[in-house]
Amino acid sequence: MEEARHITVWENCLRIIEQNVTPQQFATWFRPTRAVAILDSTLTIEVPSDWFRQYLEDSFLDLISKTLRRELGAAARLVYRIRPVADQASMNVSAAEGLPAMNRPIPVSTIQPSGNPSPLVYPGLKRLTINPRLNPVYRFSTLIEGECNRLGITAGVDISAKPGKTPFNPLFIFGGPGLGKTHLAQAIGNAIHEKYPELVVLYVTGNEFKTQYMDAVSVRNKLTDFLAYYMKIDVLIVDDIQDLVGAGNQNAFFNIFNHLHQNGKQLILSSDRAPKDLSNFEDRLRSRFKWGLAVELTRPDFQTRLAMLRTRCQREGIVVDDKVLEHIALKIKNNFRELEGTLLSLIAHSTYTHKDCTVELANQVIGHIVGEEQNNLTIENVQQSVCEYFNITREELISASRKRQIVQARQIAMYLSRNLIPNCSLSTIGEEIGGKDHSTVLHSCSIVQDLMSTDRLFKKYVLDLENILRPNA
């Protein structure tokens, strides 16, 4: 019967596959699958999870493709359907297949009697009562919301209400320094820790994770305890994930990530760049970072910067004239960290020198903190200089025109904005040059770099403009 053809085809495939993999591999990765439909040369099979599908493709794609083509011809295609969670049976994965099995309890002599050990110590499976290492100051109540971070805050609030049960898993927060990545990540952790005290929450940096892994492998030889420790975390927050370079570190994190995600645990990651730009990471990790929600934190606008300054003044219990705060917000545009540092330095100068917080004193402090970099170079400045250099209007620059001169000017403007303006995000550059997305900006910057190495006249254009915009550099 035609309606049973999908079953026959997949069973024929499985018979061939079984002869080419180990019995354990077949039992773990193929027996849980089920054929559900066939249409022409497209077979649909059901798998327990998207992670399961990803592993099949990573490890057995070539074998599956050849087998399916043998049954259905050269046009054969395979489509996956994820089995509803309620219909799934538990799955045991052998450690021999690259994923750590559940470990038996292992006594570890380094457990501290206080019951609150450092996360740099691996307590095995004996007990897991740890300090989440969260800064109590980093809360949603102290986050200033604006267009620069609204999506991240909204997603964070949803996650803190239902950790591991939203589509935002993992939550990948990225952006330049000082834009609030750590604050947002820890605010989510603090909210979860308060609402669900029974859950194990841990904040760790990528560099700390790497150090722990090296310690477990090289010094204490406790890799099993290290993996078991992390696999018992309910909410894992890894800050500066870009520091997690090295095959061994990434392989360990890959296994931990898979285990936590498969078991409905929440992962929150932060980085100074988007997942696709983590060039030192394995493809399989980068693909997993895209499973949930990747949200970029961008430079705060003037109103958000001003609101942050006012809120910090209230928290410190001091009064600063609004004109002074507005002046600081106009001058300091890059990130919250510079903004906060300028305000605190202004308060300190005013306190210790017994001077009023004036615009003049604020200018003095701004010069000390930002120094020579603070030359008010903005995207608008870059675009104006490019337009004058190529004798075109800004309307032409940001238009959709494909004239060669205008396209090159547009690409150079994006390249200079990215390289000369500190912490200027790709998304911000794109928005200011006709609503382009960040991938278009990245592509344009790559084109400019390539042309500079092959076209001497084009290179002269770029260098001339760099000298105009940064004459003393």
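The structure holds zero disulfides, a disulfide being a pair of cysteine sulfur atoms within 2.5 Å. For Cys313, the closest cysteine sulfur is that of Cys357, 8.0 Å away and so too far for a bond. Cys313 is buried, with a relative accessible area of 4%, and Cys445 is also buried, at 3%. Buried means under 20% relative accessible area, exposed over 50%, and partly exposed in between, for a 1.4 Å probe and protein chains only.

This is a predicted model, in which local features need pLDDT of at least 70 and side-chain atom pairs count only at pLDDT 80 or more, while totals for chains, interfaces and linings use all residues. Residues are numbered from 1 along each chain as its sequence is written, and side-chain values use heavy atoms, with hydrogens and water left out.

Next comes the sheet. Five strands form an open sheet in the order β5-β6-β7-β4-β8, with parallel pairing. The edges are taken by β5 and β8 (293–296), each with a single partner strand, so one side of each has no neighbour in the sheet. On average, neighbouring strands of this sheet are turned by 15° against each other, direction ignored; the angles are between axes, which are lines fitted to C-alpha atoms, for helices over the stretch in contact, and run from 0 to 180 degrees between N-to-C directions. Strands (E, at least two residues) and helices (H or I, at least four) are DSSP runs, numbered from the N terminus. Two strands pair if DSSP finds at least two bridges between them.

How many of the residues of strand β5 are buried? Five of the five, residues 201–205, are buried, so β5 is largely enclosed by the rest of the structure. In a regular strand the side chains alternate between the two faces of the sheet. In β5, Val201, Tyr203 and Thr205 lie on one side and Leu202 and Val204 on the other, and all are buried.

The neighbour of β5 is β6 (residues 235–239), and the two pair in the parallel sense over five bridges. Across this pair, Tyr203 has Ile237 as its bridge partner, Val204 has Val238, and Thr205 has Asp239. Strand β6 likewise has five of its five residues buried, so it is largely enclosed by the rest of the structure. Val235, Ile237 and Asp239 point one way from β6, while Leu236 and Val238 point the other way.

On from β6, the parallel pairing with β7 runs over four bridges, and Ile237 has Ile268 as its bridge partner in β7. Together β6, α8 and β7 make a right-handed β-α-β unit: with the strands pointing away from the viewer, the path from the first strand over the helix to the second runs clockwise.

Last come the cores. A nonpolar core is a set of buried Ala, Val, Leu, Ile, Met, Phe, Trp, Tyr and Cys residues joined through side-chain atoms within 4.5 Å. The largest has 32 residues, of which Phe226, Tyr230, Leu236, Ile241, Phe253 and Phe289 touch the most other members. Elements giving two or more residues to this core include β5, β6, α7 (223–231) and α9 (283–289). Its largest share, six residues, comes from α8. Another core, of 30 residues, lies apart from it, and among its members are Ile406, Ile412, Cys424 and Met452.
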